[in-house]
Every structure is written in C-alpha cells, then in structure tokens.
Amino acid sequence: MTSSPYKVPADALDVEEVIKNSQFITQVRNVASVEEAKAFIKSTSQQYSDASHNCWAYIVGNPQSTTLIGCSDDGEPSGTAGKPMLHILQHSGVGDIVAVCTRYFGGTKLGTGGLARAYGGGTKLALERLKLRQKIHYSQLSCNLDYPQLQDFEHLLKNYQHQSLAIDFQSRVLVSFEIASEQQAQFKQTVGNQFKGQVKWNTI
C-alpha cells in the first residue's frame with residue numbers, strides 16, 4: 001500500500017487575537033508523530049502556565065485517512081475548544097499538524113458558541129496565513145545493472161521524484177535510491193519494458 005502526498009506546515013506560525021478582552025494566542029507547528037505533538041503541547045502549556053487555558057488539537061499523517069488525531073478543551077466547557085479546533089484542521093487538508101490555542105481570560109464570558117467561534121476562528125486564521133509544502137512518501141529500491149545499462153537507467157530515473165541516489169561500482173553496478181511511493185510501480189514497469197526484464201530488483 002502506498003501513501004499519497006499531502007500538505008504539511010512549511011513553517012511555524014503564531015497568531016494573536018483579542019476577543020472581548022480575552023487574549024487568544026494560536027500556535028501551529030509541523031509534527032511527525034503523536035509524541036512530537038504531545039511534546040509541543042506540553043512545552044506550550046509550560047510556557048503559558050499562567051494562562052487560563054491551553055487548548056489543542058492535532059492530526060498526524062494524511063488528513064484524509066489518518067486515525068492519529070486528538071484534541072482537548074483544557075478546562076473550557078466540553079466541546080467548545082478542542083473539537084472546533086480539530087474540525088478546522090480536518091477540513092483544511094493539512095496533515096502532520098498541531099495547534100495550541102492559549103487563552104488569557106479578560107473578564108467577559110463568551111458563552112459556549114462564542115468560545116467555539118473563538119477557538120475555531122483562531123485555528124482558521126492561523127491556517128489562512130500558514131505556508132504549506134507537500135509531503136511525499138518514499139520507498140527504498142535497489143538493483144544491479146550491467147555497466148552499459150547505467151546511463152539509460154539514470155535517464156529514466158530523472159523523470160521520477162527520487163532522492164538519496166547511491167551508485168556502487170562493483171563487478172556490476174549496484175544502484176540504490178528512494179522513489180516516491182506512488183510512482184514506484186510505474187517506474188518498475190517502465191524499467192522492465194526498457195530493459196526487457198533484465199533488471200532484477202533486490203530485496204531490501
């Protein structure tokens with residue numbers, strides 16, 4: 001099974017809003033794992049330990065398929081903070097993302113609807129300003145070539161998204177590289193057609 005590319009945060013971003021005298025600070029970060037998301041939530045909660053609330057939500061992995069999600073109201077009325085934040089993240093098409101919204105209470109209660117709009121709105125504002133990049137999953141491939149085959153093989157490879165190319169000149173040429181997972185099957189088929197099945201893939 002291959003994983004499709006998806007958008008992830010390219011940079012860290014903080015946004016601030018004041019709503020009826022309450023200060024809301026929303027921070028968004030790129031995270032590669034649930035552990036990394038929770039570590040950022042913990043450090044932010046410690047950084048703003050004097051705040052009224054540090055509410056959060058995260059999505060790790062492809063936002064269309066992942067089950068690695070979480071959210072917390074951190075003491076706000078149930079469903080008024082974490083869930084609105086997570087809802088915005090889930091509909092953004094962005095994965096590997098954590099958002100923490102810190103609130104300093106300003107003396108005026110917002111009500112449940114007002115809280116949901118404030119926390120969801122802060123997350124939406126951050127996403128509107130957030131720079132994104134595409135995350136591509138790679139698969140490792142390795143094969144042995146005859147020396148005359150190498151130039152044609154490299155020429156084919158240039159047409160595909162790849163990285164970490166290593167060429168080891170032995171009795172034959174050992175070629176190792178990573179290719180975008182969604183292009184792997186097509187590339188193998190193209191190589192098979194070009195070299196008439198003479199290229200054998202190594203088990204990694």
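This is a predicted model: local features need pLDDT of at least 70, side-chain atom pairs count only at pLDDT 80 or more; totals for chains, interfaces and linings use all residues.

**Aromatic pairs**

The structure holds 11 aromatic pairs. A pair of aromatic rings is described by the distance of the centres and the angle of the planes. Two pairs are set out here.

| Pair | Centre to centre | Angle between planes | Class |
|---|---|---|---|
| Tyr-147 and Phe-169 | 5.9 Å | 35 degrees | tilted |
| Tyr-160 and Phe-187 | 5.0 Å | 75 degrees | edge-to-face |

Take the tilted pair, Tyr-147 with Phe-169. Tyr-147 sits in the loop between β8 (138–145) and α4 (150–157), and Phe-169 belongs to strand β9 (residues 162–169), so the pair ties together parts 22 residues apart in sequence. Tyr-147 has 41% relative accessibility and counts as partly exposed.

Now the other pair. The planes of Tyr-160 and Phe-187 meet at 75 degrees, which is over 60, so the pair is edge-to-face. Tyr-160 is in the loop between α4 and β9, while Phe-187 is in helix α5 (residues 184–194). These residues are 27 apart, and their pair links distant parts of the chain.

Ring pairs join Tyr-160 and Phe-187 with Phe-153, Phe-177, Phe-195 and Trp-201 in a cluster.

**A buried glutamine**

Gln-149 lies in the loop between β8 and α4. Its relative accessibility is 8%, which is under 20%, so Gln-149 counts as buried. What does its side chain contact? The side chain of Gln-149 makes a polar contact of 3.1 Å with the side chain of Gln-198. Leaving aside residues up to four places away in sequence, Gln-149 touches Arg-172, Phe-195 and Gln-198.

**Nonpolar cores**

The largest nonpolar core has 24 residues. Met-85, Leu-89, Ile-97, Tyr-119 and Leu-127 have the most contacts inside this core. Two or more residues each come from β2 (13–19), β3 (22–30), β4 (53–60), α2 (82–90), β6 (97–104) and α3 (111–129). Helix α3 gives the largest share, six residues.

Met-85 shows the local packing partners. Not counting residues up to four places away in sequence, Met-85 touches Cys-55, Trp-56, Ala-57, Ala-99, Val-100, Cys-101, Tyr-119 and Thr-123.

Another core, of 16 residues, lies apart from the largest one. Among its members are Leu-157, Phe-187, Val-191 and Val-199.

Terms used. Residues are numbered from 1 along each chain as its sequence is written. Side-chain values use heavy atoms; hydrogens and water are left out. Rings of Phe, Tyr and Trp (its six-membered ring) pair if their centres lie within 6.5 Å; planes under 30 degrees apart count as stacked, over 60 as edge-to-face and the rest as tilted. Helices (H or I, at least four residues) and strands (E, at least two) are DSSP runs, numbered from the N terminus. Buried means under 20% relative accessible area, exposed over 50%, partly exposed in between (1.4 Å probe, protein chains only). A polar contact is a pair of N or O atoms within 3.5 Å; within protein, one must be able to donate a hydrogen and the other to accept it, and residues adjacent in sequence count only if both atoms are side-chain atoms. Contact means heavy atoms within 4.5 Å. A nonpolar core is a set of buried Ala, Val, Leu, Ile, Met, Phe, Trp, Tyr and Cys residues joined through side-chain atoms within 4.5 Å.
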